[in-house]
Structure formats: structure tokens, C-alpha cells
Amino acid sequence: MTIRNALLAAITLLVPVSAQAGGIPQPGDFYFISRDQQGTFVGSHKLYLEYSSGLKQVSYCNREYYVRSHSVAWTQFETELGRTVQIEYNFGRGWRPICQRPQDQVALADLGIDMQPREFLQQSQSDDKPVSRLSAISGIFNKSKADSRYKSYHTR
């Protein structure tokens, strides 16, 4: 086997791996996770380790994060609904709880927001970006009933 053939074989083997790596969730993500009384997942919001526009710096369980104000309001509202919220860490093979009761550690008032969580969640979120890609994608598929010409045969 020549050196040229060996290089081509090595490149061929590496290309599919590198193309797939972008879609695999990476260990190291932190999320607020909401669960119902049976422990079933209800929803989540991401916590960030680096600053970005619209994020606020906070501390949960003696660790610094950056969060959206909307996420802080969400933690408070979820607990008002009787759900359990905690911070969980993706360690690559699942999720591990690392911080209990974040809603008791940071509230909207701590961010200088004098509103009830429900009110804050109902207002426009135009200044509290980023929006998750999944939310943007789901918005495309949730057409109003006025767009009935686009409905499939089975939904008419």
C-alpha cells in the first residue's frame, strides 16, 4: 500500500466520524429540569457557562452561571404548579442532579424585575433571547386553522 492510498483510507475513515460529531449532545451541559410529582420530565431550560447578550450572571449552589430572565421566572412558576425543579448536569451517559431548589436561590427580584413569574412569562420575550432552535422549528409546524388549505387529507 502506498503512502497516498494510506492517506486516502485514513481520510475516508475520519470524514464520517467528524460529520456525525456535531449532532451528538456533548457532556457538560447544565439545565434546569422540571419534573412532576411522579418524577416524569416536564420541561427544561439551559444554563450557560459563558456570557451572551440577554443573559444574567447568577449563582446556584456556589457555582456561577448565565441565565435568561425568562428561565428564572420559569423555575418559580413551575414550583408554583407543584413541580420539582433542579439543576442537572449531562455527564455523557445521562443526567445527574447537582443543585436542588434553584427557585429559592435566585428570583426575579434578584434580577431587578418587580413582576410575578406568571406575568413575566406572559409578556413578550423579544428582549430576552436566545430562542431555542426547537421552539423556532415547532413554530413552523404549528400553523393556524386559517391555513386549512395546507392541511393533509387526514386532518380535514
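This is a predicted model: local features need pLDDT of at least 70, side-chain atom pairs count only at pLDDT 80 or more; totals for chains, interfaces and linings use all residues.
For the chain as a whole, the mean pLDDT is 77, with 62% of the residues reaching 70 or more. Confidence is lowest in helix α1, which covers residues 3-21 and has a mean of 41, while it is highest in strand β3, residues 55-60, where the mean is 97.

## The open sheet and the helix across it

An open sheet is formed by 4 strands, which follow one another in the order β2-β1-β5-β6 with antiparallel pairing. Strands β2 (41-47) and β6 (95-100) are the edge strands, each of them pairing on one side only, and from one strand to the next the twist averages 35°.

Within this sheet, strand β5, made of residues 84-90, pairs with β6 in the antiparallel sense over 5 bridges, and Ile87 stands opposite Cys99 of β6. Helix α2, residues 69-80, lies across β1 (30-35), β2 and β5, and the helix runs at about 155° to β2.

## Aromatic pairs and a cluster

The model holds 6 aromatic pairs. One of them joins Phe30 and Tyr89, whose ring centres are 4.9 Å apart and whose planes stand at 45°, so the pair counts as tilted. Because Phe30 lies in strand β1 and Tyr89 in strand β5, this pair ties together parts that are 59 residues apart in sequence. Phe30 has 5% relative accessibility and therefore counts as buried, whereas Tyr89, with a relative accessible area of 27%, is partly exposed.

Tyr51 and Tyr66 form an aromatic pair that is edge-to-face, with 5.9 Å from centre to centre and 70° between the planes. This pair links distant parts of the chain, since Tyr51 belongs to the loop between β2 and β3 and Tyr66 to strand β4 (residues 63-68), 15 residues apart. Tyr51 counts as exposed because its relative accessibility is 55%, and Tyr66 is buried, with a relative accessible area of 18%.

## The cluster and a charge over a ring

One aromatic cluster is formed by Phe30, Phe32, Tyr60, Tyr65 and Tyr89. Two of its members, Phe30 and Tyr89, are the tilted pair described above, and Phe30 is the partner that counts as buried at 5% relative accessibility.

A further ring, that of Phe91, has the charged end of Arg96 sitting over it, 4.1 Å from the ring's centre.

Note on methods
Residues are numbered from 1 along each chain as its sequence is written. Side-chain values use heavy atoms; hydrogens and water are left out. pLDDT is the predictor's confidence in each residue, from 0 to 100. Helices (H or I, at least four residues) and strands (E, at least two) are DSSP runs, numbered from the N terminus. Two strands pair if DSSP finds at least two bridges between them. Axes are lines fitted to C-alpha atoms, for helices over the stretch in contact, and angles run from 0 to 180 degrees between N-to-C directions. Contact means heavy atoms within 4.5 Å. Rings of Phe, Tyr and Trp (its six-membered ring) pair if their centres lie within 6.5 Å; planes under 30 degrees apart count as stacked, over 60 as edge-to-face and the rest as tilted. Buried means under 20% relative accessible area, exposed over 50%, partly exposed in between (1.4 Å probe, protein chains only). A charge sits over a ring if NZ of Lys or CZ of Arg is within 6 Å of the ring centre and within 35 degrees of the ring normal.
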